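Hello,

I am passing a structure on to you, and I would like you to have it open while you read.

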Amino acid sequence: MKKIMFKQARFLTSALKEAECPSLQNAQGNPLPEMAIVGRSNVGKSSLLNHLMQSKSLAKVSSKPGKTQRINYFLIDETLLLVDLPGYGYAKVDKTTKQNWAIHLENYLNQRGSLKLLLFLLDIRRTPNEDDLAFLEWAYFQGLSVILVLTKTDKLKENEKIKQTEAIIMTLRREKSLSGLPYVHYSVKEGKCKHQLIEVINKELWG
């Protein structure tokens, strides 16, 4: 499989229900693989997406958590579907809206057969809580590959970054299934992190 370089991105659609989700195939008639970005609200999903694709407006960035309220689909290099999922945890929306988000998110994760990889974003200044661990364990038992992306690393000094990374890894190691989870540091203020993430993504997708 040709390596994905993340050179071109095209917005396809915003969806909620399964029937609204796009279904694209390659030249051989096989469904294009999907990679979804998931994480708590305000973790930096939109900023990472724009930085990864060298765009200022591919995904809307907002100072208000919970801006992404639908499942947004992008076509990357005509080879990969990238899916921006609604954030969870801190969005200041009503209870009914949160419940609807949870239902649609669960349906997508359970029913989308072309989903091959998850980028699970975590603010490096936080440690995984029970909800984070439960989600990661669910992904493991579903057979999904997961890359842990530790965002906002520029907010910490180098020694703090090392210390906090160790704390996060130790938390994951308490769950045996998560002990070998690959991780990448990410800051939209640094260029090299993008190339490192692309390398890990290709490794997890194609081996």
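This is a predicted model: local features need pLDDT of at least 70, side-chain atom pairs count only at pLDDT 80 or more; totals for chains, interfaces and linings use all residues.

Strand E2 has cover on both of its faces: Glu34, Ala36 and Val38 are buried on one side, and Met35, Ile37 and Gly39 are buried on the other. Buried here means under 20% relative accessible area, exposed means over 50%, and partly exposed is what falls in between (1.4 Å probe, protein chains only).

Residues are numbered from 1 along each chain as its sequence is written, and side-chain values use heavy atoms, with hydrogens and water left out. The labels H and E stand for DSSP runs numbered from the N terminus: helices (H or I) of at least four residues, and strands (E) of at least two.

Now to the sheet around E2. Which strands does the open sheet hold, and in what order? There are 7 strands in the order E1-E3-E4-E2-E5-E6-E7, and their pairing is mixed. Its edge strands are E1 (9-15) and E7 (183-185), each of which pairs on one side only. On average, neighbouring strands of this sheet are turned by 25° against each other, direction ignored. Two strands count as paired if DSSP finds at least two bridges between them.

- E2 and E4 pair in the parallel sense over 4 bridges, and Met35 stands opposite Leu82 in E4.
- E2 and E5 are also a parallel pair, over 6 bridges, with Val38 opposite Phe120 in E5.
- E5 and E6 pair in the parallel sense over 7 bridges, and Leu121 stands opposite Val149 in E6.

Next, have a look at helix H1. Why is H1 described as largely enclosed by the rest of the structure? Because 7 of the 8 residues of H1 (residues 45-52) are buried. Those residues are Lys45, Ser46, Leu48, Leu49, Asn50, His51 and Leu52. They pack against several elements, including strand E2 (34-39), strand E5 (115-123), strand E6 (145-151) and helix H5 (192-206); contact means heavy atoms within 4.5 Å. After H1 comes Gln54, which has a positive phi near 55°.

The meeting of H1 and H5 is worth a look of its own. Their axes come within 10 Å and cross at roughly 90°, the axes being lines fitted to C-alpha atoms, for helices over the stretch in contact, with angles running from 0 to 180 degrees between N-to-C directions. That makes H1 roughly perpendicular to H5, a label for angles of 65 to 115 degrees (under 35 is roughly parallel, over 145 roughly antiparallel, and the rest oblique). Leu48, His51 and Leu52 of H1 make the contact with Cys193, Lys194, Leu197 and Ile198 of H5.

Then there are the aromatic rings. Rings of Phe, Tyr and Trp (its six-membered ring) pair if their centres lie within 6.5 Å; planes under 30 degrees apart count as stacked, over 60 as edge-to-face and the rest as tilted. By this rule there are 4 aromatic pairs. One of them is Phe11 with Phe74, edge-to-face at 5.5 Å centre to centre and 65° between the planes. This pair links distant parts of the chain, since Phe11 sits in strand E1 and Phe74 in strand E3, 63 residues apart. Phe11 is partly exposed at 43% relative accessible area, whereas Phe74 is buried at 2%.

Phe135 and Trp138 make a tilted pair, 6.0 Å centre to centre with 40° between the planes. Both lie in helix H3 (residues 130-141), 3 residues apart, about one turn of the helix. Phe135 counts as buried at 14% relative accessibility, and Trp138 as partly exposed at 24%. Together with Phe120, these two residues form one aromatic cluster.

Lastly, there is Gln164 in helix H4 (residues 158-173). Is Gln164 buried or exposed? At 18% relative accessibility, Gln164 counts as buried. Leaving aside neighbours within four places in sequence, Gln164 is in contact with Ile124, Arg125, Arg126, Thr127 and Leu156.

Best wishes
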